[in-house]
Amino acid sequence: MLTLLEVEALARAARAAHEGQTDKAGRPYAEHLRAVAEGVRSRGGDPDQIAAAWLHDAVEDDALPAARLREAALSDRTKDIVEALTKRAGETPEAYAGRILATPGALLVKESDLAHNADPARLAVLDGPTCTRLTEKYARMRALLGLVGNA
């Protein structure tokens with residue numbers, strides 16, 4: 001398991017890797033990473049899960065090649081969680097959810113990711129059709145993962 005000091009170093013590296021990227025609302029992408037990591041921490045996540053939160057989109061967004069993730073000085077558990085959260089081309093939502101549910105520690109990270117993605121304040125700045133599409137997408141994933149109630 002990673003120490004908190006190691007997680008903080010990883011957070012700096014993750015912010016640097018996503019430097020210049022923005023989310024759908026035009027905000028710096030690092031804000032999303034920070035929010036997901038804080039969400040994991042507030043939900044009782046451990047350092048491996050917090051590290052995975054910082055990296056949850058890194059491979060998918062090409063900020064970190066998959067081979068570099070495998071070689072990184074991270075716990076196998078952190079790597080497994082990041083790999084579980086990395087969507088694959090052509091993958092169905094059901095297959096994606098199944099992989100998350102089968103990977104110890106991944107569900108908490110995805111729950112935090114979905115909570116931040118579905119934050120009404122974030123969605124409110126998007127155009128109507130995009131807001132509707134994303135709201136439905138996040139609700140469907142929450143249902144597939146067995147996450148009920150408020151995000």
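This is a predicted model: local features need pLDDT of at least 70, side-chain atom pairs count only at pLDDT 80 or more; totals for chains, interfaces and linings use all residues.
**Overall fold**

The chain contains nine helices and zero strands. Read from the N terminus, its elements therefore follow the order α-α-α-α-α-α-α-α-α. Of the 151 residues in the chain, 44% are buried. Among contacts between residues at least 6 apart in sequence, 61% join residues that are at least 24 apart.

The table sets out the geometry of the two pairs.

| Helix pair | Axis separation | Crossing angle | Handedness |
|---|---|---|---|
| α2 (residues 29-42) and α7 (residues 106-117) | within 8 Å | roughly 130° | right-handed |
| α5 and α6 | within 8 Å | roughly 165° | left-handed |

The axes of α2 and α7 cross at roughly 130°. Because of this angle, α2 is oblique to α7. The crossing of these helices is right-handed. On the α2 side the contact is made by E31, H32, A35, V36, G39 and V40, and on the α7 side by L108, V109, S112, D113, H116 and N117. By class, the contact of α2 with α7 comprises five nonpolar, five polar and two charged residues.

For α5 and α6, the axes cross at roughly 165°. Angles over 145 degrees count as roughly antiparallel, and α5 and α6 are therefore roughly antiparallel to each other. The crossing of α5 past α6 is left-handed. Here E83, A84 and L85 of α5 meet Y96, R99 and I100 of α6. The residues of this contact divide into four nonpolar, no polar and two charged.

**The nonpolar core**

The largest nonpolar core has 31 residues, of which L85, V109 and L145 touch the most other members. Two or more residues of this core come from each of α2, α3 (47-55), α5 (76-85), α6 (93-102), α7 and α9 (128-144).

L85 also takes part in the contact of α5 with α6. Leaving aside neighbours within four places in sequence, L85 is in contact with H56, E60, Y96, I100, A106, V109 and K110. V109, in turn, is one of the α7 residues in the contact with α2.

T130 lies in helix α9. Its relative accessibility is 18%, and T130 therefore counts as buried, the limit being under 20%. Along the chain T130 and K24 are 106 residues apart, whereas their C-alpha atoms are separated by 9.3 Å.

Technical notes. Residues are numbered from 1 along each chain as its sequence is written. Side-chain values use heavy atoms; hydrogens and water are left out. Axes are lines fitted to C-alpha atoms, for helices over the stretch in contact, and angles run from 0 to 180 degrees between N-to-C directions. Helices (H or I, at least four residues) and strands (E, at least two) are DSSP runs, numbered from the N terminus. Angles under 35 degrees count as roughly parallel, over 145 as roughly antiparallel, 65 to 115 as roughly perpendicular and the rest as oblique. A crossing is left-handed if the near helix is turned anticlockwise from the far one by less than a right angle, and right-handed if clockwise. Contact means heavy atoms within 4.5 Å. Ala, Val, Leu, Ile, Met, Phe, Trp, Tyr, Cys and Pro count as nonpolar, Asp, Glu, Lys and Arg as charged, and the others, Gly among them, as polar. A nonpolar core is a set of buried Ala, Val, Leu, Ile, Met, Phe, Trp, Tyr and Cys residues joined through side-chain atoms within 4.5 Å. Buried means under 20% relative accessible area, exposed over 50%, partly exposed in between (1.4 Å probe, protein chains only).
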